[in-house]
Amino acid sequence: MTAAQADLQIDRPRVADGAALWRIARDSKVLDLNSSYSYLLWCRDFAATSAVARDGHGVPVGFITGYNRPDRPDTLLVWQVAVDEAYRGRRLAASLLDGLVARTVAECATTTVETTISPDNTASQRLFTSFAERHGARLEREVLFDTDVFPDGPHEPEVLYRIGPLTAAG
């Protein structure tokens, strides 16, 4: 943890955090914004596979939402990563990802992390590429959803990043 992160705490989200997660996602202007209701559900139903960073007052300033894939329970699918604008540039997303994966490796026997990233999202590409490098894990990429499968107008393809195998020590 860096000095800039010393006043931050990373833990599981609570239902009361749902509104803040929705606001952080909305304000990112990059993420596909889900309904506010979905963030409340996420904080209730997927807290074990998600993480929130809180400032010294307990206010959420960043989050990762994820879930274990039903057909591959050892695979953590990272859904969204967002950091409040005032906290960007402090490697908070990397700390959130490292903390969440360490927790799910220990508690859920996670061996693989997956996420999808659009080709124009260089910040997420760097985040997950550097995660794989830090943990000495293989990184595979393939198009998961091509442009033509999205029903709501032009959408870039979503490229699947698969990282693993992971270990408790890695």
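How far apart are the mean positions of the positive and negative charges of the protein chain? In this predicted model, the mean positions of the 18 positive and 23 negative charges lie 5 Å apart.

The protein chain comprises 4 helices and 7 strands, which follow one another from the N terminus in the order β-α-α-β-β-β-α-β-α-β-β. Its radius of gyration, 15 Å, is close to the 15 Å given by the globule rule for 170 residues, so the chain is as compact as a globular protein of that length. Along the principal axes, the C-alpha atoms occupy a box of roughly 45 × 40 × 30 Å. Of the 170 residues, 44% are buried. Among contacts with a separation of 6 or more, 65% join residues 24 or more positions apart.

Helix 3 spans residues 92–108, and its 17 residues reach 23 Å from the first C-alpha to the last, close to the 24 Å expected at 1.5 Å a residue. Buried positions in helix 3 include Leu-92, Leu-96, Leu-100 and Arg-103, together with Ala-93, Leu-97, Val-101 and Thr-104. In an α-helix, residues three or four places apart point the same way, because there are 3.6 residues a turn. Ala-94 and Val-105 of helix 3 are also buried. The cover over the buried residues of helix 3 includes strand 1 (9–11), strand 2 (51–54), strand 3 (60–69), strand 4 (72–83) and strand 5 (112–117), as well as helix 4 (122–134).

Helix 4 contains 13 residues and reaches 18 Å between its first and last C-alpha, close to the 18 Å expected at 1.5 Å a residue. Its buried residues are Ser-124, Leu-127, Phe-128, Thr-129, Phe-131 and Ala-132. These buried residues pack against helix 3 and against strand 4, strand 5, strand 6 (138–145) and strand 7 (158–164). Gly-136, which follows helix 4, has a positive phi near 60°.

Tyr-37 belongs to helix 2, which covers residues 36–45. With a relative accessible area of 55%, Tyr-37 is exposed, the cut-off for that class being over 50%. Tyr-37 and Trp-22 are separated by 15 residues in sequence, and their C-alpha atoms are 8.9 Å apart in space.

Key. Residues are numbered from 1 along each chain as its sequence is written. This is a predicted model: local features need pLDDT of at least 70, side-chain atom pairs count only at pLDDT 80 or more; totals for chains, interfaces and linings use all residues. Side-chain values use heavy atoms; hydrogens and water are left out. Helices (H or I, at least four residues) and strands (E, at least two) are DSSP runs, numbered from the N terminus. The radius of gyration is taken over C-alpha atoms; the globule rule is 2.2 Å times the number of residues to the power 0.38. Buried means under 20% relative accessible area, exposed over 50%, partly exposed in between (1.4 Å probe, protein chains only). Contact means heavy atoms within 4.5 Å. Lys and Arg count as positive and Asp and Glu as negative; His and the chain ends are not counted. The place of a charge is taken as NZ of Lys, CZ of Arg, CG of Asp or CD of Glu. The expected span of a helix is 1.5 Å times one less than its number of residues.
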